[in-house]
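Please read the points with the structure at hand.

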Amino acid sequence: MPEVAAYGDVQQRRGQQKWLALATLFLLALGSGCLPLGGAPPSPTSPALSAAAQQMQALLMCDEQHGWASTQRSVLRTSDGGVHWQDVTPQPEAGSVPREPVERIVAAYLNAQTAWVALIFQDGSTTPIYHTSDGGRSWQRTDVPAPGIGVVQLAFVDALHGWLLVNLGIATNAEAVAIWRTTDGGSHWQRIVQVSAAQARTAQSSTTLPYSGSKSGLAFLNTTTGWATGSEPGLNRAWLYVTHDGGQSWQPQSLSLPTGSEKAQIATLPPRFFSDRDGLLPVNVYAAGKASLYFYVTHDGGQSWHFGQALPASVIAWSFVSATVGYATDRTTLYVTHDGGQHWSQQLPTGPFANVIQLDFLTASMGWALCLAPPAQTHILRTNDAGQSWQQLS
């Protein structure tokens with residue numbers, strides 16, 4: 001399955017959602033019709049672009065040459081393996097009413113040509129979502145009647161089917177959310193779920209998401225089956241819900257826990273699938289004053305999940321190229337698995353491998369690392385030998 005909605009796109013979320021931003025991040029009544037968007041992007045060598053490229057927060061390579069990156073307010077694209085970047089951020093249409101500066105963006109990248117970008121404005125009662133199918137050379141806009149400041153995640157499984165997760169308000173150990181869905185590539189959106197505080201005062205439906213708990217995100221295996229993840233203090237089980245009707249109804253799904261974790265605080269993150277049967281689910285377990293990261297693996301399409309070896313909680317970034325081969329890092333040490341996280345080995349890479357905040361491996365040997373170094377500037381590393389050595393890209 002393609003990796004969509006890079007998890008780094010949700011870096012503005014609070015608390016648990018900030019953790020999701022460090023993971024490899026990354027969400028409506030019917031919207032209006034699409035409008036064409038004009039305007040040529042600036043040159044890849046412009047000073048403004050150079051500054052933007054130093055503020056990357058998420059990176060997703062689609063093949064050896066083509067990839068996307070996000071800053072807080074910009075969308076960048078490369079066609080030379082990450083050496084140079086072009087700013088392809090959607091711009092307001094000619095003649096439109098000027099708005100306040102963009103607060104942040106939320107993006108979903110499907111492949112080298114196809115992406116969706118929500119522009120978030122501080123006081124926006126609606127959210128403009130732009131779609132490109134030509135690598136950002138042109139964009140089409142749909143205005144969605146959802147409060148922009150609450151938009152958390154965009155997720156797509158193909159060029160037509162996608163979901164939008166919107167935060168509607170936070171209370172103690174609870175979060176109101178809405179989920180919107182599109183079946184035509186984002187031209188129109190329909191709200192299919194709304195979870196509110198009223199649920200806490202009345203009998204909650206057994207077929208919807210609960211108001212309680214912090215929601216960390218959504219992930220879909222196909223157009224019907226997907227998961228909602230999150231955490232809830234004192235729950236003593238995983239906050240994990242599954243849908244089999246495209247997100248309209250949800251049921252809790254249980255996970256077996258490592259020994260000694262029966263009273264642990266469990267935080268789940270959206271799974272990633274590599275086929276219709278094989279996938280991985282990141283789970284953070286806080287037990288007896290110790291935090292550990294586990295990767296649960298499934299080989300039956302998410303019907304059952306099995307945990308592997310614990311990684312230290314200091315691991316902040318990971319990238320899997322299949323349900324078996326993956327890499328993780330605590331910023332300086334590289335961890336490698338060849339059995340889906342059941343076992344991990346350490347390696348100390350040569351070269352400038354330090355201050356890493358994101359990994360993005362395209363194959364078992366080829367990968368990129370996004371590094372954040374003082375004073376808050378990012379740069380990109382690349383490896384061609386499975387992470388043993390790294391070179392900084394100019």
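1. In this predicted model, S28 and strand S29 (residues 367–373) are antiparallel partners joined by five bridges. Strands are DSSP runs (E, at least two residues) numbered from the N terminus, and two of them pair if DSSP finds at least two bridges between them. Phe 361 lies opposite Gly 367 of S29, and a hairpin of five residues connects S28 to S29.

2. S29 also pairs with strand S30 (residues 377–383), in the antiparallel sense and over seven bridges. Here Cys 371 has His 379 in S30 as its bridge partner. Three residues separate S29 from S30 in their hairpin, and Ala 376 in that turn has a positive phi of about 60°.

3. Six of the seven residues of S29 are buried, so the strand is mostly covered, where buried means under 20% relative accessible area (1.4 Å probe, protein chains only).

4. The sheet as a whole is open, with four antiparallel strands in the order S28-S29-S30-S31. Strand S28 (356–361) and strand S31 (391–392) each have a single partner strand and stand at the edges, so one side of each lacks a neighbour in the sheet.

5. On conventions, residues are numbered from 1 along each chain as its sequence is written. Local features need pLDDT of at least 70, side-chain atom pairs count only at pLDDT 80 or more, totals for chains, interfaces and linings use all residues, and side-chain values use heavy atoms, leaving out hydrogens and water.

Technical notes. Buried means under 20% relative accessible area, exposed over 50%, partly exposed in between (1.4 Å probe, protein chains only).
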